[in-house]
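Reader: I have a structure open and would like to learn how to read it. Could you walk me through a few features?

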Amino acid sequence: MEHINVKSLVFEYPGEKELSFADFSLNAGENLLISGNSGSGKTTLLHLMAGLLTPEKGSVCYTGKDISIMDPGELDRFRGEHIGMIFQKHYFINGISVLENLKAARRFAGNKNGHAWLTTLMEQLEITHLTHKKPHQLSEGEQQRFSIARALANEPGWVLADEPTSSIDDRRCEQFVKLINQSLSDKKTSWIIATHDQRLKQYFNNIYPL
Ligand code: ADP
Ligand code: MG
């Protein structure tokens, strides 16, 4: 079975005290909530899991594959195919529309088709009316929903989400939780969510405290 294994992970920003993370593993078909106060290391852990930071010690393995020993090209392809990311700061391709951004995310995964899936996603996240807008024309909350759509565009096995609900109201927060559960059952997407949003805690039984 597909799984993630995080082991003996240690990271140090230059001149800062060392951050170490308790071991954990996660099987496909399970979600995980990484919870902790601001500054506890949630973003750092997600960036280590995405291979955007390299650990001092320890490893992050996806079904036995250690991402720290992949070369940059291999890591890019691996991310494009298997991982969706929702960052605290959003990184979109600004010159092209919302829809073109979603299509680009699918192309990185080698999927040229799948327009129906993108249409469904945009409907579920209530961004259909924004299809032809450019990312910078979206409000903070719209950008966050767009960011969630983009992370799911390539139908990844894993989504790494950093504070995905920080700009989302209560009603849309509940819809988001529904989407999480639906994508787990329909698309076999497992979610790893780092958050200090107390609203999310009630929906998860698998919690990793930092
Ligand atoms: P969280 O996401 O839980 O708020 P972070 O992972 O962002 O926590 O930060 C963990 C710790 O590392 C904090 O003490 C923070 O100040 C520090 N830190 C984060 N990013 C940097 C950086 N680029 N340079 C130096 N220290 C950093
Ligand atoms: Mg953070």
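Author: Let us start with a contact: a backbone N or O atom of Ser 40 lies 3.2 Å from an oxygen atom of ligand 1. A polar contact is a pair of N or O atoms within 3.5 Å. This is a predicted model, in which local features need pLDDT of at least 70 and side-chain atom pairs count only at pLDDT 80 or more, while totals for chains, interfaces and linings use all residues. Residues are numbered from 1 along each chain as its sequence is written, chains are lettered from A and ligands numbered from 1 in the order written, and side-chain values use heavy atoms, without hydrogens and water.

Reader: How far from an oxygen atom of ligand 1 is a backbone N or O atom of Gly 41?

Author: That distance is 3.0 Å, and for a backbone N or O atom of Gly 39 the distance to an oxygen atom of ligand 1 is 2.6 Å. Alone, ligand 1 exposes 560 Å², of which the protein buries 60% (Shrake-Rupley method, 1.4 Å probe).

Reader: Which residues surround ligand 1?

Author: A residue is near a molecule if one of its heavy atoms lies within 4 Å of it. Around ligand 1 these include Tyr 13, Glu 16, Lys 42 and Thr 43. Helix H1 (residues 42–49) gives the most to this shell, with three residues (helices are DSSP runs of H or I, at least four residues).

Reader: Where does the charged end of Lys 187 sit?

Author: A charge sits over a ring if NZ of Lys or CZ of Arg is within 6 Å of the ring centre and within 35 degrees of the ring normal. Here the charged end of Lys 187 sits over the ring of Trp 117, 4.1 Å from its centre.

Definitions and conventions
A polar contact is a pair of N or O atoms within 3.5 Å; within protein, one must be able to donate a hydrogen and the other to accept it, and residues adjacent in sequence count only if both atoms are side-chain atoms. Helices (H or I, at least four residues) and strands (E, at least two) are DSSP runs, numbered from the N terminus.
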